[in-house]
Amino acid sequence: MKQNLAVYLVILVMVLPVTIRSQLPFVEDFGAGTPAGWTFPSNWQVGSVGYAGHPIGNPSPGSYFYFSPNVSNYSERMTSPMISVGQAEQVQVFFDMELDFYTPGGAEGLAIEYQTSSGSWIEALSYEISAGSSVTYPLSTKAYIASVTDSIQLGFRAYGLNSYN
């Protein structure tokens with residue numbers, strides 16, 4: 001069965017300390033389709049069902065990078081709008097992620113990034129499947145803590161040699 005590099009995201013940004021979801025300053029569950037202020041370059045999209053009926057999201061729908069149309073030597077970053085965090089010095093970002101890999105033809109990966117109003121993208125987490133490997137990252141919730149100033153922008157960058165792998 002054909003699988004693809006896919007990332008299913010529900011984004012939660014939490015100002016520390018916060019204990020319940022209703023108090024979170026920003027939640028994106030992609031339930032209303034393509035959200036305003038987000039960028040979806042190349043094969044990034046929002047949906048409920050991927051290749052061969054594979055469910056997208058936790059719960060559905062979610063955002064994912066689809067293998068088709070085929071792109072080569074790609075590095076495509078889906079981004080959120082800038083999210084105000086007030087006076088917080090740190091935020092904790094939660095997201096659900098799954099990475100399916102079809103064939104061990106070349107390196108493919110996902111970099112989880114953020115930037116503040118002051119500038120450059122910072123890589124918080126990265127998942128890569130090397131050429132010759134056959135690995136799948138099952139659906140799970142991931143998190144990182146980011147040092148911030150007054151805002152944060154989230155980035156999810158799919159990259160690789162050939163999206164059809």
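Mentor: Buried means under 20% relative accessible area, exposed over 50%, and partly exposed in between, with a 1.4 Å probe and protein chains only. This is a predicted model: local features need pLDDT of at least 70, side-chain atom pairs count only at pLDDT 80 or more, and totals for chains, interfaces and linings use all residues. Residues are numbered from 1 along each chain as its sequence is written, and side-chain values use heavy atoms, without hydrogens and water.

Trainee: Why is W121 called partly exposed?

Mentor: W121 has a relative accessible area of 27%. That value falls between the 20% and 50% cut-offs, so W121 is partly exposed.

Trainee: What places W121 in a loop?

Mentor: Strands are DSSP runs of E, at least two residues, and helices are runs of H or I, at least four, numbered from the N terminus. W121 sits between β8 (108–116) and β9 (122–129).

Trainee: Which residues does W121 contact, leaving aside its neighbours within four places in sequence?

Mentor: Contact means heavy atoms within 4.5 Å. On that basis W121 touches R77, T79, E113, Y114, Q115, Q153, L154 and G155. Take Q153: it is 32 residues from W121 along the chain, and their C-alpha atoms are separated by 9.0 Å.

Trainee: Why is F30 called buried?

Mentor: The relative accessible area of F30 is 0%. That is under 20%, so F30 is buried. F30 belongs to the loop between β2 (26–28) and β3.

Trainee: What makes the phi of F30 worth a remark?

Mentor: Phi of F30 is near 60 degrees, a positive value, and F30 is not a glycine. Most residues other than glycine have a negative phi.

Trainee: Why is N73 called exposed?

Mentor: N73 has a relative accessible area of 64%. That is over 50%, so N73 is exposed. N73 is part of strand β5. Its phi is also positive, about 45 degrees, although N73 is not a glycine.

Trainee: How do you know that the peptide bond from S60 to P61 is cis?

Mentor: Its omega is near 0 degrees. P61 lies in the loop between β3 (44–47) and β4 (62–65). The bond from S68 to P69 is cis too, with omega near 5 degrees. P69 lies in the loop between β4 and β5 (72–79). Most peptide bonds are trans.

Trainee: How many helices and strands does the chain have?

Mentor: The chain has zero helices and 11 strands. Of its 165 residues, 48% count as buried. Among contacts with a separation of 6 or more, 73% join residues 24 or more positions apart.
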